[in-house]
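Hello,

Here is the structure I promised to pass on. My notes follow below it.

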Amino acid sequence: MSVDTAGATKQESEVAQEAERRRTFAVISHPDAGKSTLTEALALHAAAISSAGAVHGKGDRKGVTSDWMDMEQDRGISITSAALRIDYDDRVLNLLDTPGHADFSEDTYRVLSAVDCAIMLLDSAKGLEPQTLKLFDVCRARKMPVITFVNKWDRPGREPLELLDEIEQRIGLRPTPLNWPVGIAGDFRGLVDRTSGTYTKMTRTPGGAQKAIEEVLDSDRAAEVELDAWEQAKEEIELLEALGADFDHESFMAGESSPVLFGAALSNFGVGQLLDTVVGLAPAPSAKVDDKDRTRRVEQPFSGQVFKMQANMDKNHRDRMAFVRVSSGRFDRGMVLTHAPTGRPFATKYTQAVFGSDRSTIDTAFPGDVIALVNAHALAVGDTLFDGPKVSFPPIPSFAPEHFVVARAVDAGKYKQFQRGIAQLDAEGVVQVLTSDVRGEQAPVLAAVGPLQFDVVRHRMEQEFRSPIEASPLEYSVARRTDEESAPTLHSLSGAEVLRRRSDGELLVLVHNKWRLRVIERDHPSLFMEALLAGGVDEGE
């Protein structure tokens, strides 16, 4: 017995040490702020790839490594999230790239449930944009630490102090710059480290495909080289010190302040400093609370939660892959886990790490790591897998859809393929599937955050399931959660319809618009209509 205890203690110690080495984070921003480019640049600096590519690529450079789907590469946008595992400075970085396009933000919301920190990426010319605000609200709800990276400083943009003021005034997050740019936006010379005072002068490499050339200068030499630009940067730094805009670890961890860095991902300026900041400041994985309010410490036996499903990542094999964030314990490939929703065993013979379109077998994983389980047909988003004592984590919230269509099979003879395809896309979280006795199973309502999600559904239904669909728009734009008592009355009202969400059985009432919703709330105050996450009626006004 003492030997077993000693062995268990040794493994717990190993798990704790490995967890401390992990940093799991996501990059969030508005479309076109440069997330995929930043992802490539971070991987380049960590020596995970040899050449960073712009979204569409140039010459013989391929496009963004993490964007594997044809539709992503054709349109130059990220639709699906990519999980990148990078070894750097004796740390294991799990970087979860996310779609920037607002139409695919639900995938981003789910990814945020699997990370411990976020990098908020701002365009130097545009500052805080609507999608950034929406995603930051999710971070704030989770009290997640946020590191801010002001991108595209090599292009014309706004004053740095103006950008800091916008962050504080609009989202109440106190900015604490760790470095400061020398040269205005569009004339980027280099960066001053606010802690050491050293100046790193940067020279762009041709095409930005390799790391920028960096030269460290002391303040006297910097003043000689940069002249007026250096003096302006010094004055601005003195103002920051007078305002007390210094990094505070406690408020950062509480989600109240944010360390700010400047750079240009496409030119690979300032990316190394951002990488070092993530390693030094982002939190390591910590204990997670289960659905019974019990704490599952990282040293306890294996547990993990599915946060993303993706089918057919390998065109040569019609596979289905579940991305699992490891919450506790050590994972060993081949171990048999328990599927919490059903209590059934789940074998893990085929487990991989995924870097864009590249795969590699992963034999072990620790808290904070993301593993991809192949042929995971029994799993769905939000499911818990565990070893040892039973545990089940709270489900990942579904988010407020704003667009709705009725889907029907074009060829009635392919109804089975239609049903199978819709069920799989529902389990993957590509869309939410709503049904009712009135409409019937042959005409489900598909609900999405953005209309481009329906393009993905059409494409995949035709290409993968050989069942093209017709998608007829519905004139609803607001969804609220309701209950069995309120449903009959709501369903009888003009401009409203009640359907059941197939994935979790929740009743949702769909309403034509926010004005009609307010009328219903005014005339029927006793009816239950609860807002869904990221679904405020004033959003976008």
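**What was found**

The protein has an accessible surface of about 22900 Å², and 48% of that belongs to carbon and sulfur atoms. Areas come from the Shrake-Rupley method with a 1.4 Å probe; for residues, only the protein chains shown count as cover.

Two notes on the basis. This is a predicted model: local features need pLDDT of at least 70, side-chain atom pairs count only at pLDDT 80 or more, and totals for chains, interfaces and linings use all residues. Residues are numbered from 1 along each chain as its sequence is written, and side-chain values use heavy atoms, with hydrogens and water left out.

Overall, 56% of the 541 residues count as buried (under 20% relative accessible area, 1.4 Å probe, protein chains only). The protein has 14 helices and 31 strands. These are DSSP runs numbered from the N terminus: helices are H or I with at least four residues, strands E with at least two.

Four strands form an open, antiparallel sheet in the order 7-8-9-10. Strands pair if DSSP finds at least two bridges between them. Strand 7 (179-182) and strand 10 (213-217) are at the edges with a single partner strand each, so one side of each has no neighbour in the sheet. From one strand to the next, the twist averages 25°. Strand 7 and strand 8 (residues 190-193) share four bridges. In one of the pairs, valine 182 has glycine 190 in strand 8 as its bridge partner.

Helix 8 (residues 228-243) lies across strand 7, strand 8 and strand 9 (199-203), at about 150° to strand 7. Axes are lines fitted to C-alpha atoms, for helices over the stretch in contact; angles run from 0 to 180 degrees between N-to-C directions. Contact means heavy atoms within 4.5 Å.

**Helix pairs**

Helix 6 (residues 160-171) crosses helix 8 at roughly 25°, and their axes come within 11 Å. That makes helix 6 roughly parallel to helix 8 (angles under 35 degrees). Pro160, Leu161 and Leu164 in helix 6 meet Glu236, Leu239 and Leu240 in helix 8.

Helix 2 (residues 35-45) packs against helix 10 (residues 271-281) at about 80°, with the axes 9 Å apart. Helix 2 is therefore roughly perpendicular to helix 10 (65 to 115 degrees). From helix 2, Leu38, Ala41, Leu42 and His45 meet Val271, Gly272, Leu274 and Leu275 of helix 10.

Best wishes

Key
Parallel < 35°, antiparallel > 145°, perpendicular 65-115°, else oblique. Buried < 20%, exposed > 50% of the residue type's maximum accessible area, 1.4 Å probe, protein only.
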